[in-house]
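Please look through the model shown here. The questions that follow take up the ligand site and then the chain as a whole.

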Amino acid sequence: MEFSIRALTPAQLTGKAKTGCLVLAVLAGETISRSAQAADRAAAGALRRALASGDLGEKPGSTMLLRDVAGLAAKRVLLVRLGERAKYDVTAFRDAVRGAATALKGLGAKDAVFPVADFVVDRRGLPWTVRGTVLGLRETFYRFDQLQTQKKSAAPALASVTLAIAGAPVTLQAQAALKEAVATADGADFARTLGNLPPNLCTPAYLADEARRLAKQFRLGIEVLERRDMEKLGMGALLAVTRGSHQPPKLIVLRYGGAAKKRKPLVLVGKGITFDTGGISLKPAGEMDEMKFDMSGAGSVLGAIRALAGMRAAVNVIGIIPTCENMPGGAATRPGDVVTTLSGQTVEILNTDAEGRLILCDALTYSARFDPEAVVDIATLTGACVIALGHIATGLFANDQKLADEILAAGDDAWDRVWQMPVWEDYQEQLRSNFADMANIGGRPGGSITAACYLARFTRNLRWAHLDVAGTAWRSGREKGSTGRPVPLLVRLALRRAARAG
Ligand code: BES
Ligand code: MN
Ligand code: ZN
């Protein structure tokens with residue numbers, strides 16, 4: 001889908017815009033937006049008469065389609081409910097964009113005009129609204145049907161969307177917001193597709209190949225460490241996880257340098273378990289297929305870097321992706337095995353299903369060599385995080401409150417929200433082991449916190465934050481599929497840091 005921004009006066013919007021569909025916002029009852037008022041005048045009151053029918057639902061996101069309205073150049077008019085002005089917030093905005101997008105998907109219209117200014121949420125501003133509109137539309141139009149020989153539905157007709165700014169000139173800010181949003185959507189789609197691909201196709205080698213493809217396309221630096229490299233370095237924890245698998249492990253390092261060389265990089269570390277059976281501590285059969293999404297952290301790192309490189313952002317970012325499978329097998333790690341991590345600390349592996357922290361600890365230690373400004377890891381780390389926060393908020397853990405605050409703010413800005421949890425020393429004793437420096441599990445109480453506390457032991461000399469996306473990276477049930485989160489958050493974080501650095 002192509003997007004563009006155009007300045008259109010209300011008269012142009014109604015008289016000149018020969019579009020397949022004009023999208024118009026309606027508040028509560030029959031209160032209509034500025035653009036809708038202009039359209040209603042041009043159409044001799046046809047819109048208000050249509051609204052008087054009561055056919056447009058009151059919930060934000062409800063829609064009603066009108067065809068061939070006399071006096072308007074547009075073939076169709078899509079009325080979209082925003083709801084009461086006083087209650088209009090980000091959630092209502094999201095619902096409105098999604099509602100409009102869902103309706104547009106089912107139409108034959110090839111193009112549409114979206115007067116974005118009518119959708120602005122208080123205090124968020126026009127650039128924010130441009131981003132939200134583009135991301136909302138792209139999210140709804142995303143499809144993953146490459147493995148279906150009989151497509152469930154025809155591809156949508158809509159090919160281009162004009163974001164109309166009534167009256168006001170198109171600012172550089174709005175143009176920049178559009179460019180950022182399109183690149184972010186490309187990155188999120190990329191992450192979603194990697195997540196949705198089945199585990200027989202999306203293997204560690206496949207992820208490495210995709211990273212190489214990105215590197216070529218966007219002129220990024222790339223290095224892929226193989227098993228023998230890991231052995232030489234002494235990544236005993238990562239190697240312990242991969243032992244039961246026939247797929248060779250990889251450690252991908254992808255670098256995007258959009259800022260001055262002297263500026264320290266933001267390092268993103270993504271968990272890349274392409275399938276998590278639990279290993280010898282085998283998981284139950286129900287929903288085990290969803291453990292193909294256990295590489296979502298890795299996918300989000302690749303997606304975020306793709307987005308930042310795609311928009312030529314002035315940031316230095318390095319992605320580090322430890323990737324392997326967690327399988328049972330004759331050579332697999334046993335509960336009770338003790339291994340030496342890259343940091344030199346020893347770990348008693350009491351549960352082979354707590355494998356994410358094992359691959360991450362070696363990757364986090366490795367990240368120090370890039371002299372990072374900050375390190376953020378992204379992982380589908382614990383079922384306990386889903387119990388704590390459900391599917392709305394990503395869990396945030398950090399050893400630096402300033403970094404945590406930046407991530408909270410970026411998450412709010414991108415509406416890809418996170419909620420902070422403690423990493424207090426008091427929890428550390430749950431990780432004690434009689435046979436090694438630490439155990440890899442801390443028992444049921446505070447399971448996502450003790451997982452973060454485990455990682456904290458490998459990041460003492462770094463400004464570090466950890467995002468547990470176990471509840472937010474994918475959806476289960478009928479709408480099963482990757483969400484692409486937290487790509488929007490990561491992109492916003494990197495850009496906000498760049499803006500602050502000047
Ligand atoms: N990948 C899982 C976490 C997970 C489970 C995410 C379910 C989303 C849904 C992780 O590797 C895991 O198995 N964690 C264990 C840790 C436990 C053994 C301490 C868990 O959460 O049960
Ligand atoms: Mn596991
Ligand atoms: Zn896992």
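Q: Which residues come nearest to ligand 1?
A: This is a predicted model, and in it 16 residues are found around ligand 1. The residues of that shell divide into five nonpolar, four polar and seven charged. Those that come nearest to ligand 1 are Lys283, Asp294, Asp353, Glu355 and Gly383.

Q: How many Å separate a polar side-chain atom of aspartate 294 from a nitrogen atom of ligand 1?
A: A polar contact here is a pair of N or O atoms within 3.5 Å. In the side chain of aspartate 276, an N or O atom is 2.9 Å from an oxygen atom of ligand 1, and for glutamate 355 the corresponding distance to a ligand oxygen is 2.8 Å. For aspartate 294, the distance from a polar side-chain atom to a nitrogen atom of the ligand is 2.8 Å.

Q: What percentage of the area that ligand 1 exposes when taken alone does the protein bury?
A: The space that ligand 1 takes is the second largest pocket. Taken alone, ligand 1 exposes 520 Å², and the part of this area that the protein buries is 77%.

Q: What is the radius of gyration of the protein chain?
A: The protein chain has 15 helices and 20 strands. For 502 residues the globule rule gives 23 Å, and the value for this chain is close to that, so the chain is as compact as a globular protein of that length. The radius of gyration is 24 Å.

Methods. Residues numbered from 1 in each chain as written. Chains lettered and ligands numbered in written order. Predicted model: local features only at pLDDT ≥ 70, side-chain atom pairs only at ≥ 80, totals over all residues. Heavy atoms only, no water. Near = heavy atom within 4 Å. Polar contact = N/O pair within 3.5 Å; in protein donor to acceptor, adjacent residues only side chain to side chain. Areas by Shrake-Rupley, 256 points an atom, 1.4 Å probe, with all protein chains shown as cover. 1 Å grid on protein atoms, 1.4 Å probe; cavity = no way out; pocket = protein on both sides within 12 Å on 5 of 7 lines; lining within 4 Å. Sits in = over half its atoms within 2 Å of the grid points. Nonpolar A, V, L, I, M, F, W, Y, C, P; charged D, E, K, R; others polar. Helix = DSSP H or I, 4+ residues; strand = E, 2+ residues; numbered from the N terminus. Rg over C-alpha atoms; globule rule 2.2 N^0.38 Å.
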